[in-house]
Amino acid sequence: FVTARPPPPTVPAMQPNWYERHILPTALDMACGMPMIGRMRQHVVPRAQGRVLEVGIGTGLNMRYYDKARVTHITGLDPAMQMHPLAQERIHSAGLQVDLIGLSAEQIPLPDASFDTVLITYTLCTIPDPHAALLEMRRVLAPTGKLLYCEHGRAPDASVQRWQERLQPLWGKVAGGCHLGRDVPALLRAAGFALPDLQTRYLTGPRPFTFHYWGEALPA
């Protein structure tokens, strides 16, 4: 059920260092697989339908939450090819048909309007140019399609924002380039999405890491 496609020759693949190859995949898999994070995924992933593009498929933690009766095909996009062995195991366990593409989302090598659903979960925080990536997601999304999102990001409290800024230099280095304080709704709206059901809350845990946004975004 898994087809892995390497980056095209014109796009050089990023070469991970030792930490990124051997430690980071397991660390991220554990952090993003915590029960409270799983509950957030359950709010969003089952709503995917038709042809699905999952941006930032990572280690395949969303596979168990897809509704197989609603999904016809999944394409998984992620530049971290070292994550894909874990993703392949979960894809096989879920019995889903998935193509894997080892690229970041700023240039998606797929046709316009080719997906009914774009799914992003804990993805916008690590994309180097999130605005360019969201424009590409909007381009490949069908006019009647939807972008499903569940992301952590910029907290509403000034004191928490200051802690996000203080922690960012170290956190970005150890967490694969993750940004704690990105303004997710502003990024989505700037890329041409409407947010009819935006929901927000702090999860349990240290507040600089736990403010969440989730919902369904539509091409405006």
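The model is a predicted one, and residues are numbered from 1 along each chain as its sequence is written. When rings are paired by the distance between their centres, which must lie within 6.5 Å, the count comes to three aromatic pairs.

**The pair of Trp171 and Phe209**

- The ring centres of Trp171 and Phe209 are 4.9 Å apart and the ring planes stand at 65°, so this pair is classed as edge-to-face, given that planes over 60 degrees apart fall into that class.
- Because Trp171 belongs to helix α6 (residues 158-174) while Phe209 belongs to helix α8 (residues 207-210), the pair ties together parts that are 38 residues apart in sequence.
- Trp171 is partly exposed, its relative accessible area being 28%, and Phe209 is likewise partly exposed, with a value of 29%.

- Phe211 counts as buried at 6% relative accessibility, and Tyr213 counts as buried at 7%, since buried means under 20% relative accessible area.
- Together with Tyr202, the residues Phe211 and Tyr213 make up one aromatic cluster.

**Arginines over ring faces**

- Tyr202, a member of that cluster, has Arg207 lying over its face, at 4.0 Å from the ring centre.
- Arg166 lies over the face of Trp163, where the distance from the ring centre is 4.8 Å.

Definitions and conventions. This is a predicted model: local features need pLDDT of at least 70, side-chain atom pairs count only at pLDDT 80 or more; totals for chains, interfaces and linings use all residues. Side-chain values use heavy atoms; hydrogens and water are left out. Rings of Phe, Tyr and Trp (its six-membered ring) pair if their centres lie within 6.5 Å; planes under 30 degrees apart count as stacked, over 60 as edge-to-face and the rest as tilted. Helices (H or I, at least four residues) and strands (E, at least two) are DSSP runs, numbered from the N terminus. Buried means under 20% relative accessible area, exposed over 50%, partly exposed in between (1.4 Å probe, protein chains only). A charge sits over a ring if NZ of Lys or CZ of Arg is within 6 Å of the ring centre and within 35 degrees of the ring normal.
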